[in-house]
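These are my notes from a first reading of one structure, set down in the order in which I looked things up.

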Amino acid sequence: MKKIIIVGAGQVGATLAESLVSERNEITVIDPNREMLNELQDKYDLRVVQGNGAHPDVLRSAGADDADMLVAVSSLDEVNMLACQVAHSIFNCPLKIARIRSEQYTKYHDQLFRKEQLPVDHIISPEQLVTSYIKRLIDYPGALQVLEFADGKVSLVAVRASYGGKLVGHAIATLRKHIPNIDTRVAAIFRQGRPIRPLGSTIIEADDEVFFVADTKHIRAVMDELQPREAHYKRVMIVGGGNIGSGLARQLEATHRVKLIELSLHRAEELSAQLDNTLVLHGDASDQQMLSEERIEDIDVFISVTNDDEANIMSALLAKRMGAKKTMVLIQRSAYVDLVQGGDIDIAISPQQATISALLRHIHRSDFANAYSLRRGAAEAIEAVARGDENTSQVVGREVGELKLPPGSTIGAVVRGSEVLIAHDDTLIQADDHVILFLVDKKYVSDIERLFAPGALYF
């Protein structure tokens, strides 16, 4: 059990608190807003402290004297940075993580965030995380999620199975016949929102949400087994010229034909000067005439990333009705994600889930090289490192089939140096292997931590 202080009870802080409480940690949340704190305390077993999270006395009241870590995710970068400074200077807190949104700070990362300057051990930039997330979805048309492990060598991909996919209507075991030269592992299947255990005899049905693990270079081939191949996106329309929209345009403009719509004339003029090959348009993306004039029917993917959920949803619905082939929307309110995804909105993107995943990488044990929060926080994917030897480790020197995994847990792959091994029951785990796991229920994360802890006893 870890003692963790969270500064900020907003959407990210509340989602993080929910995630960590379920893993049996001792959580204290600090926020000036008493109403938000009361709401959190009514829902979860945690402590709350009202006040400014950067003030020493408030941090002391929250237990900073013996806290294992401080995670500052308030809406103000300056409060987050100062909270880390105070936690370091006065309370000698071992691990300090801050959410930093402004590019004015992140672009000076190496000069600012050092122990002798601003002692923040890890910074999380939601805008950069979401931009990278959307870029991966554009690189693999048809994917719902693409998550990378082991420096990009292996990926966990979520796709919606549909008629025309070669595996639909067939058992998982037939995959090997269809693609004999490519090894992959189906890590999980969600049917009508409920997990089912993937066995060799399991028949893939249309509309199943399938998570598979594969060497990153084989992603497209495996996706072809589950849905008809979508053509690469060429024409992209982005709505919103903030950090996400402008960053995405910057990454795509050399390889795609990009149009960006921005409501603010001043910001549109700025972006027009900054971007090289992006057509920047000043206007309202919910203006039907404007979309028609810009030939929305020729757009391969319409991406709405303003800071207004309702505007994102409505503009994407309109774009899809007018002929845009694919729509992606940024949604801040997690309650909206399940309501809108599917139908006219193909992919709903939650910045909270992207941020939580980045935080989990640093909050979990050092034996975890990577962690992703999945399915609105219910599931988790982990990259665990096998430490120790056969005498001190519960996993080193043992085959995958021998391991006592928690219910609903699957080992998808083992990365050994530059080699990617798709996991089978007889796959032998060696010291320093990176093991990719999928947990249908994240409450078992602590069991995985104990399993991979060197010197731990069997449980």
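This is a predicted model: local features need pLDDT of at least 70, side-chain atom pairs count only at pLDDT 80 or more; totals for chains, interfaces and linings use all residues.

**Entry 1: a residue in a helix.** I then looked up Ala87, which has its place in helix 4, residues 77-89. Is Ala87 buried or exposed? Its relative accessibility is 1%, so Ala87 counts as buried. Leaving aside the neighbours within four places in sequence, I found Ala87 in contact with Leu59, Leu70, Asn92, Cys93 and Lys96. I also looked up Pro119, which is 32 residues from Ala87 in sequence, and the C-alpha atoms of the two are 9.1 Å apart in space.

Entry 2: I traced an open sheet of six strands, which has the order 3-2-1-4-5-6 and parallel pairing. Strand 3 (47-50) and strand 6 (122-124) stand at the edges with a single partner strand each, so one side of each has no neighbour in the sheet. From one strand to the next, the twist averages 15°.

Which strands does helix 1 lie across? Helix 1 (residues 11-21) lies across strand 1 (3-7), strand 2 (26-31), strand 4 (69-72) and strand 5, and it runs at about 165° to strand 1. Helix 15, for its part, lies across strand 1, strand 4, strand 5 and strand 6, running at about 170° to strand 6.

Entry 3: I next followed an open sheet of five strands, in the order 18-19-22-20-21, where the pairing is antiparallel. Its edges are strand 18 (368-374) and strand 21 (419-422), each with a single partner strand, so one side of each is left without a neighbour in the sheet. Neighbouring strands here are turned against each other by 15° on average, direction ignored. Within this sheet, strand 20 (residues 409-416) and strand 22 (residues 434-439) run antiparallel and are joined by six bridges, and I noted Ile436 in strand 22 as the bridge partner of Ala413.

Helix 15 (residues 351-363) packs on this sheet as well, touching strand 18 and strand 19 (379-385), with its direction at about 155° to that of strand 18. I also looked up helix 16 (residues 445-452), which lies across strand 18, strand 19 and strand 22 and runs at about 160° to strand 22.

Entry 4: How many of the ten residues of helix 10 are buried? Helix 10 (residues 243-252) is mostly covered, with seven of its ten residues buried, among them Ile244, Leu248 and Leu252. Strand 13 (residues 257-262) is also mostly covered, since I found five of its six residues buried. Strand 13 runs parallel to strand 12 (residues 235-239), to which five bridges join it, and Arg235 stands opposite Arg257 in strand 13.

Entry 5: I looked up the second largest pocket, which has a volume of about 800 Å³. Of the 34 residues that line this pocket, the closest to its centre are Arg185, Val186, Pro198, Leu199 and Thr410. Strand 9 gives the largest share of the lining, seven residues, and by class the lining has 22 nonpolar, seven polar and five charged residues.

A search of the whole structure for cavities of 30 Å³ or more finds one, and about 50 Å³ of space lies in the largest cavity. The residues lining it are Pro141, Arg220, Met223, Asp224, Gln227, Pro228, Arg229 and Glu230, which divide into three nonpolar, one polar and four charged.

**Entry 6: two loop residues with positive phi.** Gln192 lies in the loop between strand 9 and strand 10, and its phi is near 55°, a positive value in a residue other than glycine. With 80% relative accessibility, Gln192 counts as exposed. Arg295, in the loop between helix 12 (288-293) and strand 15 (301-304), also has a positive phi of about 55° although it is not a glycine.

Note on methods:
Residues are numbered from 1 along each chain as its sequence is written. Side-chain values use heavy atoms; hydrogens and water are left out. On a 1 Å grid over the protein atoms alone, a cavity is a set of points where a 1.4 Å probe fits but cannot get out, and a pocket is an open set with protein on both sides within 12 Å along at least five of seven lines; lining residues have an atom within 4 Å of a point. Grid points are joined across faces, edges and corners, and a volume is the space filled by probe spheres set on the points. Ala, Val, Leu, Ile, Met, Phe, Trp, Tyr, Cys and Pro count as nonpolar, Asp, Glu, Lys and Arg as charged, and the others, Gly among them, as polar. Two strands pair if DSSP finds at least two bridges between them. Helices (H or I, at least four residues) and strands (E, at least two) are DSSP runs, numbered from the N terminus. Axes are lines fitted to C-alpha atoms, for helices over the stretch in contact, and angles run from 0 to 180 degrees between N-to-C directions. Contact means heavy atoms within 4.5 Å. Buried means under 20% relative accessible area, exposed over 50%, partly exposed in between (1.4 Å probe, protein chains only).
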